[in-house]
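Work through the exercises below with the sequence and the model open side by side. Each task is followed by a solution in steps.

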Amino acid sequence: MVSYYHSTTKTRKEEILRKQSVKFSAFDINKYLNRLLQTVTIRDELEDIPVSYPGAPRLAPYMGNGLYCFDNYEEAESYQSTSTNEVVTVNMVEEFSKYDFDTPQVKLEIYNLLNNELQDFLQTRDDEDRLPWTAIIEFLKRSLYSDFTEKPEMVGILIHILREISPRNKYDVYLKTFYVKIKSKDMRYILIRNEKAILHML
């Protein structure tokens, strides 16, 4: 059985275990994408892209909405530095789908998406819509070349495009390694998008 580990507070852990369900972030990825489409231009620098939208409850999560976990208990335990930090063990069903951004196969698939498939998508947009979408795709290319180190929030935009705009399988779990500044090290994030892929939580 595959298990992942979610870092949370004691109160939140008690609620999760009692209900055996999780509440995903209230951040609206559609509103965030629309904010980018309304504000960015091809002349902008990647570092200047906004990481939220007006009225958002938080900054954009790196991979969008879902349940964020780690591969091992120790990383989840040490992720938050508060004394009230708790870890939920998330046991997965026997078979579930994964999309691993760290693998060469997925990186090649994303490269082809940005340089081929989404170019065809651009041709379906009207002139007014095409310019901001061209900028978004350019920012995603730059992000891919730098392994999303400069603007990690673009991974969430990319997942949204993969799921909703250039539809592929809507995977149960997404995986990506990020450099976490507050920990001064690389950490592999696990994003569970499909709650039905969770067997039970302990």
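The model is predicted: local features need pLDDT of at least 70, side-chain atom pairs count only at pLDDT 80 or more, and totals for chains, interfaces and linings use all residues. Residues are numbered from 1 along each chain as its sequence is written, and side-chain values use heavy atoms, with hydrogens and water left out.

**Exercise 1. Decide how far S3 and S1 are covered.**

Step 1. Buried means under 20% relative accessible area, exposed over 50%, and partly exposed in between (1.4 Å probe, protein chains only).

Step 2. In S3 (residues 85-92), seven of the eight residues are buried, so the strand is largely enclosed by the rest of the structure.

Step 3. S1 is mostly covered, with six of its seven residues buried.

**Exercise 2. Describe the four-stranded open sheet.**

Step 1. The order is S2-S6-S5-S4, and the pairing is mixed.

Step 2. Strand S2 (67-69) and S4 each have a single partner strand, so one side of each is left without a neighbour in the sheet. The twist averages 30° from one strand to the next.

Step 3. S2 and S6 run antiparallel, joined by three bridges. Leu67 has Ile192 in S6 as its bridge partner.

**Exercise 3. Characterise the packing of H2 on H5.**

Step 1. Two packed helices are described by the angle between their axes and the distance between the axes.

Step 2. The axes of helix H2 (residues 29-39) and helix H5 (residues 127-145) come within 8 Å and cross at roughly 110°.

Step 3. H2 and H5 are therefore roughly perpendicular to each other (angles under 35 degrees count as roughly parallel, over 145 as roughly antiparallel, 65 to 115 as roughly perpendicular and the rest as oblique).

Step 4. The crossing of H2 past H5 is right-handed. A crossing is left-handed if the near helix is turned anticlockwise from the far one by less than a right angle, and right-handed if clockwise.

Step 5. H2 contributes Leu33, Leu36 and Leu37 to the contact, and H5 contributes Pro132, Trp133 and Ile136. These residues divide into six nonpolar, no polar and no charged (Ala, Val, Leu, Ile, Met, Phe, Trp, Tyr, Cys and Pro count as nonpolar, Asp, Glu, Lys and Arg as charged, and the others, Gly among them, as polar).

**Exercise 4. Find what covers helix H6.**

Step 1. H6 (residues 154-165) has 10 of its 12 residues buried. Among them are Met154, Ile157, His160 and Arg163.

Step 2. The buried residues of H6 pack against H2, strand S4 (98-100), helix H4 (104-123), H5, strand S5 (173-180) and strand S6 (185-192).

**Exercise 5. Are Gln20 and Phe148 buried or partly exposed?**

Step 1. Gln20 lies in the loop between H1 and H2 and has a positive phi of about 55° although it is not a glycine. Its relative accessible area is 34%, which makes Gln20 partly exposed.

Step 2. Phe148, in the loop between H5 and H6, is likewise not a glycine and has a positive phi of about 60°. Phe148 counts as buried, at 3% relative accessibility.

Technical notes
Axes fitted to C-alpha atoms, helices over the stretch in contact; angles between N-to-C directions. Helix = DSSP H or I, 4+ residues; strand = E, 2+ residues; numbered from the N terminus. Contact = heavy atoms within 4.5 Å. Pairing = 2+ DSSP bridges.
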